[in-house]
Amino acid sequence: MEDIYKILSEIRPEHDFTASEDFIEDGLLDSFDIITLIDMLQEKYGIVVDGLDIVPENFCSANAIAELVRKNGKDI
């Protein structure tokens, strides 16, 4: 989970993601940020995120992002 928070802080260093229950609802990530996040996750974990998985529910929390990575074959 620490790696996910690190990636998020690289994308948007001005936000405290650990204090948010829902990154999308709280306005911490926009659509461009999500695309950047997907690219960084794919590079870091050697996964390919399917286009059908690019929905807000998969990026609303660190747990949701970790589950997306696990779904794509990497245990984090």
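## Exercises on helix packing and charged pairs

D33 is buried, with a relative accessible area of 6%; here buried means under 20% relative accessible area, exposed over 50% and partly exposed in between (1.4 Å probe, protein chains only). The model is a predicted one, in which local features need pLDDT of at least 70 and side-chain atom pairs count only at pLDDT 80 or more, while totals for chains, interfaces and linings use all residues. Residues are numbered from 1 along each chain as its sequence is written, and side-chain values use heavy atoms, with hydrogens and water left out.

### Exercise 1: the surroundings of D33

Task: find which helix holds D33, which residues D33 touches and with which side chain D33 makes a polar contact.

Solution, step by step:

- Start with the helix: D33 lies in α2. Helices (H or I, at least four residues) and strands (E, at least two) are DSSP runs, numbered from the N terminus.
- Next, list the neighbours. Leaving out residues up to four places away in sequence, D33 touches I11, R12 and L28, where contact means heavy atoms within 4.5 Å.
- Then look at the side chains: D33 and R12 make a polar contact at 3.2 Å. Such a contact is a pair of N or O atoms within 3.5 Å; within protein, one must be able to donate a hydrogen and the other to accept it, and residues adjacent in sequence count only if both atoms are side-chain atoms.
- Finally, widen the view: a network of salt bridges links D33 with R12 and E14. A salt bridge is a side-chain nitrogen of Lys or Arg within 4 Å of a carboxyl oxygen of Asp or Glu.

### Exercise 2: the two sides of α2

Task: describe the span of α2, then sort its residues into buried and exposed.

Solution, step by step:

- Helix α2 covers residues 31-45, and its 15 residues reach 21 Å from the first C-alpha to the last, close to the 21 Å expected at 1.5 Å a residue. The expected span is 1.5 Å times one less than the number of residues.
- The buried residues of α2 are D33, I34, L37, I38, L41 and Y45. They cover an arc of only 140° around the axis, which puts them on the same side of α2; the arc is that of the directions from the helix axis to the C-beta atoms.
- Now turn to the face pointing away from that buried side, where F32 and E43 are exposed.
- What covers the buried residues of α2? The cover includes α1 (2-11) and α3 (62-71).
- Check both ends. At the start of α2, a side-chain oxygen of D30 comes to within 3.1 Å of the backbone nitrogen of F32. Just after the helix, G46 has a positive phi of about 65°.

### Exercise 3: the two sides of α1

Task: repeat the sorting for α1, naming its buried residues and the exposed ones on the other side.

Solution, step by step:

- I4, I7, L8 and I11 are the buried residues of α1. Seen down the helix axis, they fall within an arc of 100°, so they line one face of α1.
- E2 and K6 are exposed on the other side of α1.
- The cover over the buried residues of α1 includes α2 and α3.

### Exercise 4: charged pairs

Solution, step by step:

- D3 lies in helix α1 and K44 in helix α2, so the pair ties together parts that are 41 residues apart in sequence. D3 is partly exposed at 35%, and K44 is partly exposed at 46%.
- K71 counts as exposed at 55% relative accessibility, whereas D53 counts as buried at 10%.
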